[in-house]
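Hi,

Here is the structure I promised to pass on.

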Amino acid sequence: MALIELDDVRRVYDLGEVKVHALRTVTRQIELGEYIALIGPSGSGKSTLMNTLGCLDRPTHGSYRLDGEEVVTMNRDQRAKIRNKQLGFVFQNFNLLNRTSALENVELPLMYGPRVSARERRDRAMEMLGKVGLADRYHHHPSQLSGGQQQRVAIARALVNRPSILMGDEPTGNLDSKTSREVIELFRELNELQDITVILVTHDQNVARNAKRTLVLRDGEIVEDTIDFRLAKAALEHDPALEE
Amino acid sequence: MSFFDTVRIAFRALLKNKMRAVLTIIGVVIGIAAVTTIVSIGQGASKLVSGEFEALGTNVILVFPGQTRRGGARQSGAPTLTTADADSIGTECPAVLAASPIVGTAGQIIYGNENWNPKQMQGVGQDYLTVRNWELEAGGFFSNSDIESNAKVCVIGQTLIPKLFRTVNPMDEMIRVNNVPFRVIGILGKKGANMVGDDQDDVVLMPHTTVRKRLNGSPLDNVGIIMVSARGTNQMGEAAKQIETLLYERHEIGPSEEPDFSVQDTTEIAATLGIITGTLTLMLSAIAGISLLVGGVGIMNIMLVSVTERTREIGIRMALGARGKDILRQFLIESVVLSCIGGAIGLLLGTGASMCANVLINIYKPGTDWPMIVSVPAAVVAMGFAAAVGVFFGYYPARRASKLDPIDALRYE
């Protein structure tokens with residue numbers, strides 16, 4: 001059994017007069033410990049796929065089994081529990097809580113899970129901050145941290161509940177190339193050393209190249225699924241409108 | 001999330017916007033302060049009323065002439081009561097301790113080159129002091145023969161001494177009441193102010209016969225009121241019944257006819273006054289309650305703004321695994337914390353205001369024992385009310401926050 005099993009997943013946005021097919025049909029499996037990049041032009045449906053995989057959104061059709069459990073039929077609270085326990089999110093704009101210390105930001109997921117004592121919560125958050133190299137900045141607020149540091153706090157927050165999947169939505173989009181490389185390196189380490197499944201949406205070819213498997217989306221469908229980045233790049237640059 | 005964590009987060013969120021939190025709280029502070037002040041003054045007033053009636057003597061029964069109380073409306077009628085009625089009530093009713101006719105008059109008193117218009121100038125019977133349970137400080141009271149002979153003697157209250165006599169001992173001095181000379185034969189003990197704040201010591205008592213014939217110039221033998229005291233509080237009803245039976249007989253009124261007098265015991269008046277003060281308190285509290293309502297709407301308004309402002313935060317929390325009810329609880333606790341802080345401050349202010357009112361009323365009317373204290377149950381009710389306001393007005397914004405879609409919330413700019 002694969003970690004993630006998508007079977008004919010479709011997502012249609014009903015905007016009244018028009019229906020937007022964000023995902024036409026996606027059938028795919030992802031194993032535990034994979035490192036996947038989702039690439040594609042704007043509007044190709046990669047964010048929708050990401051939100052679906054992240055249990056933030058629900059497909060309008062098809063089946064999504066995460067670790068054997070059907071997500072499509074779950075209610076809001078059940079999906080919240082899955083997000084808390086199984087998934088960690090990293091966003092382009094970091095999405096840390098303002099005027100809240102790094103430590104407290106990292107503690108947040110522990111507050112919404114099963115009851116953990118304040119001391120244990122603090123210890124685990126500190127340990128996680130140590131792993132991303134920010135143990136000495138635990139009391140700093142996001143505004144006192146650089147972009148790279150903020151993203152590392154966000155990664156610590158995503159991992160504090162020991163999820164099996166780490167999801168990144170353009171995680172290097174707001175970082176300069178040097179800190180981007182650091183963050184990419186961190187992802188690779190987490191994947192290789194701790195066997196965490198990493199799924200990233202990205203425009204950055206350096207990020208995508210680092211992944212072990214690349215899914216290319218176009219118009220709501222996966223047009224390429226390869227472990228060879230050159231093939232993925234070709235599929236991305238291939239414009240069907242220029243044919244014939 | 002534990003309750004303690006939620007409260008801590010609520011405090012943190014409120015501290016991020018101190019000015020806004022303070023302004024929001026003020027609405028509740030005013031509401032709760034107004035309600036507690038009014039309730040405590042009201043409770044004090046009803047205590048004062050009952051206390052005064054106890055001081056007056058709970059055993060006092062008043063007989064009014066020519067009045068009916070049909071349908072609650074009293075009509076004054078003919079002067080039907082006589083001194084003979086008063087005498088026979090005093091002698092023939094076993095449950096009655098004493099009875100005294102009262103004839104009112106008004107006018108000026110002159111002593112030397114001082115003058116004074118006392119609040120009360122009354123012609124009374126010889127048992128008046130027994131009825132009122134009033135002691136003499138000096139001298140004596142007029143006797144039966146003084147009454148029969150329309151003697152020009154009087155007994156004065158404490159207030160008149162400084163007004164007319166200054167340092168002179170009033171005993172056996174001659175004063176002129178509406179130009180009729182009276183001799184002072186006694187001085188009443190101090191009684192203090194009554195429940196409406198009137199000075200009861202500002203009084204001159206004279207034989208009722210003298211007042212009627214020499215001051216009022218009335219040829220009739222009628223009296224204003226007959227004041228009766230029963231032998232005990234438990235005999236009030238019995239006494240009232242005996243008085244009625246006696247007067248029906250004396251006035252030759254048939255059982256089906258309407259009486260030309262009315263008997264009222266003071267407990268009844270006390271009860272009525274209690275109802276009046278209670279109703280007034282309730283009404284004023286309702287008005288004060290409206291300000292609490294306005295405060296609540298203020299909380300709701302701010303919470304709605306806060307939810308909108310923090311949409312992104314809500315999205316982040318949801319992405320990290322917060323359930324709808326976690327978000328609901330967070331915002332609900334925030335509004336309850338706001339309203340409870342407001343309630344606590346309001347309670348303190350209300351208590352302070354009640355104390356100030358107490359001090360002020362004692363400056364204005366010294367010796368008034370109007371106990372305005374915020375009782376413990378009242379404080380508990382006020383705090384409960386404040387919390388309820390927080391829950392009631394915080395629920396809608398909190399629910400709105402909990403229903404947000406995580407993706408939309410995360411994208412919100």
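How many helices and strands does chain A have? There are 8 helices and 10 strands, taken as DSSP runs (H or I, at least four residues, for helices; E, at least two, for strands) and numbered from the N terminus. The radius of gyration of chain A, over C-alpha atoms, is 18 Å, close to the 18 Å from the globule rule (2.2 Å times the number of residues to the power 0.38) for 244 residues, so the chain is as compact as a globular protein of that length.

Bear in mind that this is a predicted model: local features need pLDDT of at least 70, side-chain atom pairs count only at pLDDT 80 or more, and totals for chains, interfaces and linings use all residues. Residues are numbered from 1 along each chain as its sequence is written, with chains lettered from A and ligands numbered from 1 in the order in which they are written.

On to the domains, whose bounds come from an automatic or database assignment. Domain 1 of chain A covers 4–74 + 164–242, and domain 2 covers 96–162. Their C-alpha centres are 26 Å apart. Across the boundary, 8 residues of domain 1 are in contact with 7 of domain 2 (C-beta atoms, placed from the backbone, within 7 Å). On the domain 1 side, helix α6 (177–194) of chain A gives the largest share, 4 residues.

There's also an open antiparallel sheet of 4 strands in chain A, ordered β2-β1-β4-β5, where pairing needs at least two DSSP bridges. β2 (19–30) and β5 (69–70) sit at the edges with a single partner strand each, so one side of each has no neighbour in the sheet.

Cheers

Conventions
Contact = placed C-beta atoms within 7 Å.
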